[in-house]
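Have the sequence and the 3D view open, and we'll go topic by topic.

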Amino acid sequence: MNKDVAIIQEFFNKINQFELPSTWDSHRNELKKIIGISEFFGENFDNSVIIGAGNLYDLPFNEIVENYEQTDLLDVDSATLIKAKDRVDTELQSKVNLITRDIVGYPEQISILDLQDLDKNSVAVKELLQQLFSAELCPIKIFQTQYSLAISSTVSSQLILPISKITDHSSNDEVIVMTKELGDVIADRHVKQVWDLLKRGGIGIISSEQYAWGSIDNSPLPLTKVINDPALMMDENIQSQIELIKGGLVINGRVTSESILHHIPQSNILKESEWIWQFDNELFYLVKCWVIIKDR
Ligand SMILES: C[S@@+](CC[C@H](N)C(=O)[O-])C[C@H]1O[C@@H](n2cnc3c(N)ncnc32)[C@H](O)[C@@H]1O
């Protein structure tokens with residue numbers, strides 16, 4: 001493994017160390033309902049891929065593995081993938097294949113992550129961001145195959161994290177704006193990546209956090225000062241107001257309806273839904289989810 005992947009792998013391995021929280025039940029049920037809508041999955045059960053499979057905490061993985069001849073679990077964090085495979089029923093494990101990849105394809109300059117103490121406002125940080133804008137991020141060539149089912153569940157916002165960790169709390173507006181724009185670029189290309197790896201008639205499922213409510217490490221999030229109940233994130237009027245303001249009220253690296261429609265014709269979108277994901281006792285996300293189909 002090259003040095004850059006090892007750095008990203010170590011970064012996510014630390015994040016992936018947690019037990020499945022009981023507060024995830026309704027989020028998992030929403031995804032289970034979608035996977036259970038059999039009319040979407042009528043034609044082809046050759047192979048499936050779970051991108052950013054991580055701990056496999058949110059998806060009904062046994063059902064997926066059972067239904068497809070082969071399932072690839074893909075993540076940059078190979079150690080977590082090995083543990084995740086153990087969660088699949090023993091008699092199904094021979095159908096599961098593990099793939100370790102950095103789907104963003106972070107270039108060598110990312111070894112700047114070694115320099116966590118780097119001045120967040122420095123020219124070096126701006127140069128890194130500029131290099132990333134011109135790099136071919138989220139290339140399709142990372143995948144060797146096309147799939148009957150591809151799932152990317154709450155992955156896109158994670159893809160920018162190694163960069164936002166460097167630029168977090170920067171007081172330089174340019175660095176803040178560039179990080180946000182890079183998150184949008186990566187999310188947009190990730191949608192194209194999922195679309196391109198579907199075979200004809202293949203189904204894609206993309207879920208993505210949109211807004212966060214509550215607090216992280218006892219620090220209240222901006223939206224918490226605007227609405228007093230996380231359920232209000234489902235309210236259309238409130239969503240319209242958030243979308244007007246955007247900034248710190250929306251999740252960096254989220255997939256939006258615009259990024260979906262940028263790559264996928266409206267007629268290929270089978271379903272769009274949303275729900276509240278209670279992440280833990282303090283933190284709630286509004287999640288949007290799209291089910292898409294590649295032309296038959
Ligand atoms: C929020 S988790 C997905 C949760 C997962 N669906 C579950 O149920 O546990 C996001 C996953 O994306 C992976 N990831 C982040 N950046 C990645 C990259 N550049 N390439 C591949 N996987 C990546 C992380 O290691 C993590 O496991």
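Buried residues make up 38% of the 296 residues in this protein. Keep in mind that you're looking at a predicted model. Its secondary structure comes to ten helices and eight strands.

**Overall build**
- Along its principal axes, the C-alpha trace spans about 50 × 45 × 40 Å.
- The radius of gyration is 19 Å, which agrees with the value near 19 Å that a compact globule of 296 residues would have.

- Strand β2 covers residues 70-75, and five of its six residues are buried, so β2 is largely enclosed by the rest of the structure.
- On one side of the pairing story there's strand β1 (residues 47-51), which runs parallel to β2 and is joined to β2 by five bridges.
- Getting from β1 to β2 involves helix α3 (residues 61-67), and β1, α3 and β2 together make a right-handed β-α-β unit.
- β2 also pairs with strand β3 (residues 96-100), again in the parallel sense and over five bridges. Here L73 has L98 in β3 as its bridge partner.
- The chain gets from β2 to β3 by way of α4, and this β-α-β crossover is right-handed too.

**Helix α4, seen end-on**
- Which residues of helix α4 (residues 78-85) are buried? They are T80, L81 and A84.
- Look down the axis of α4 and those buried residues fall within an arc of 105°, so they line one face of the helix.

- Strand β8 (residues 283-293) is mostly covered, with nine of its eleven residues buried.
- β8 pairs with β5 in the antiparallel sense, and that pairing takes in eleven bridges. One spot to check is A212, which stands opposite Y285 in β8.
- β8 pairs with strand β7 (residues 269-278) as well, antiparallel and over nine bridges. In this case Q278 has F284 in β8 as its bridge partner.
- β7 and β8 form a hairpin, with four residues between them.

**Around the ligand**
- How many residues surround the ligand? There are 23, and the closest are F12, G52, G54, Y57 and D58.

**Two residues and their distances**
- I15 is in helix α1. With 13 C-beta neighbours inside 10 Å, I15 counts as partly exposed.
- I15 and Q93 are 78 residues apart in sequence, and their C-alpha atoms are 25 Å apart in space.
- G201 sits in strand β5. G201 counts as partly exposed because it has 14 C-beta neighbours inside 10 Å.
- G201 and S148 are 53 residues apart along the chain, yet their C-alpha atoms are separated by 7.1 Å.

**Positive phi angles**
- As a rule, most residues other than glycine have a negative phi.
- D217 goes against that with a positive phi near 50°. D217 lies in the loop between β5 (198-216) and β6 (219-220).
- N218 is in the loop between β5 and β6 as well, and its phi is also positive, near 65°.
- Why does D217 count as exposed? Because D217 has 5 C-beta neighbours inside 10 Å, where 12 or fewer is the cut-off for exposed.
- N218 counts as exposed too, because its C-beta neighbours inside 10 Å come to 6.
- K246 follows helix α9 and has a positive phi near 50°.
- As for α9 (residues 236-245), this helix is hardly covered, with one buried residue among its ten.

Note on methods:
Residues numbered from 1 in each chain as written. Predicted model: local features only at pLDDT ≥ 70, side-chain atom pairs only at ≥ 80, totals over all residues. Helix = DSSP H or I, 4+ residues; strand = E, 2+ residues; numbered from the N terminus. Buried ≥ 20, exposed ≤ 12 C-beta atoms within 10 Å, placed from the backbone. Arc of directions from axis to C-beta. Pairing = 2+ DSSP bridges. Right-handed = clockwise from strand over helix to strand, strands pointing away. Near = placed C-beta within 6 Å. Rg over C-alpha atoms; globule rule 2.2 N^0.38 Å.
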